[in-house]
Amino acid sequence: MYFRELHTFARTSLKGYYRPALGAALLPPLVWAVMRLFPAVIAGVLITSGRMSPKALFFGENGLWVLFGLLWSLVSFTVLLPVTCGAWSWFSCRLGLESRRRRFFTSVKAYGRGLYFFGTAALLKWLALLPAAAAVTFAAMAFQASAGQDEGGLWLFAGVQGLAAAFWAVIGYVRFAVSLTALPVLYLENPRAPVLASVRTARKMLAGHYGTLARIILHRLPAMLPVVTVPFVLPYLCTEVTLFLQLRLREYRANVIG
């Protein structure tokens, strides 16, 4: 499907369904914002009352606060998961790519499966940052060493190589992180699929198509910059991204089978 046809099909699919589409598009970011805002409010209360200093907040010097942050992140993840899957399922159903909306978390076991699937993907995403972090750390150490030794030129060269390695590591991380946007589509298709197999499929189905996905997002992004226009644009963006990923999955499956 061509780029212009994709926009036309998405716009046609939302005719008469704008309000529910707006709800499906806004619910995940709103829930995410509320879950993120709660720790900020608690921190503000603690700092205002003098029970915790700003330094302890930002530098992790308060062990209890760090523990609370970790536990709250897990709570936020468990709350946001069904909301996100429900939104993806709604858009897929509206586009006619699902015969009906699916109920994925009908039992504790199914819910635990979803937590395991997306939790493992989130862990892999964090691990993918390690090469870039290691390269940046090495470059910083090399530049620091170059200023205090006679053989500073060698260390300076090593620091430049570290920066180059960090650049390519960041590029690789961005590609990997973007490919994970296809995981909800894969999970909705087959909740029992292994996590690593789904990650490999997501990377393969988007290989060579990152530019198209970026074009879809950038086409709508300028219209959302005034913020007040977000409710008018976001449903169409979500519909177009869902349609693109669903079509890419079907094309990939057809090529693999063929």
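**Entry: the fold**

Helices are DSSP runs of H or I with at least four residues, strands are E runs with at least two, and both are numbered from the N terminus. I am working on a predicted model, where local features need pLDDT of at least 70, side-chain atom pairs count only at pLDDT 80 or more, and totals for chains, interfaces and linings use all residues. Residues are numbered from 1 along each chain as its sequence is written, and side-chain values use heavy atoms, without hydrogens or water.

I looked up the secondary structure of the protein chain and found 11 helices and zero strands. Read along the sequence, I get the pattern α-α-α-α-α-α-α-α-α-α-α. I then checked the extent of the chain. Its C-alpha atoms fill a box of roughly 70 × 55 × 40 Å along the principal axes.

How many of the 258 residues count as buried? I noted 35%. Buried means under 20% relative accessible area, exposed over 50%, and partly exposed in between (1.4 Å probe, protein chains only).

**Entry: helix H2**

I picked two residues here. Gly 23 sits in helix H2. I looked up its accessibility: with a relative accessible area of 37%, Gly 23 is partly exposed. Ala 25 is also found in helix H2. Is Ala 25 buried or exposed? Its relative accessibility is 4%, so Ala 25 counts as buried.

Ala 25 and Cys 238 are 213 residues apart in sequence, yet their C-alpha atoms are 6.6 Å apart in space. Gly 23 and Val 227 are 204 residues apart along the chain, and 17 Å separates their C-alpha atoms.

**Entry: the largest pocket**

I looked for open space next. A pocket is an open set of points on a 1 Å grid over the protein atoms alone, where a 1.4 Å probe fits, with protein on both sides within 12 Å along at least five of seven lines; lining residues have an atom within 4 Å of a point.

The largest pocket has a volume of about 1900 Å³, taken as the space filled by probe spheres set on the points. I counted its lining: 48 residues. Which residues lie nearest its centre? I wrote down Trp 32, Leu 80, Thr 84, Lys 125 and Thr 181.

Which helices supply the lining? I found at least two residues each from H2 (18-48), H4, H5 (108-127), H7 (152-179), H8 (183-189), H10 (210-224) and H11 (230-257). Helix H4 gives the largest share, with 11 residues. I sorted the lining by type and got 39 nonpolar, six polar and three charged residues. Here Ala, Val, Leu, Ile, Met, Phe, Trp, Tyr, Cys and Pro count as nonpolar, Asp, Glu, Lys and Arg as charged, and the others, Gly among them, as polar.

I also looked up one residue of H4. Leu 71 lies in this helix, which runs over residues 63-94. At 48% relative accessibility, Leu 71 counts as partly exposed.

**Entry: salt bridges**

I searched for charge pairs. A salt bridge is a side-chain nitrogen of Lys or Arg within 4 Å of a carboxyl oxygen of Asp or Glu. By this rule I count three.

The side chains of Arg 253 and Glu 189 meet in one of them, at 2.9 Å from N to O. This pair links distant parts of the chain: Arg 253 is in helix H11, Glu 189 is in helix H8, and they are 64 residues apart. Arg 253 is partly exposed at 34% relative accessibility. Glu 189 is partly exposed too, at 39%.

Another bridge joins Glu 240 and Arg 220, at 2.5 Å from N to O. Glu 240 lies in helix H11 and Arg 220 in helix H10, so the pair ties together parts that are 20 residues apart in sequence. I checked both for cover. Glu 240 is buried at 0% relative accessibility, and Arg 220 is buried at 14%.

The remaining entry is Glu 251 with Arg 248, a salt bridge of 2.6 Å from N to O. Why are these two about one helical turn apart? They are three residues apart in helix H11, which means a separation of about one helical turn. I noted Glu 251 as partly exposed at 35% relative accessibility, whereas Arg 248 is buried at 8%.
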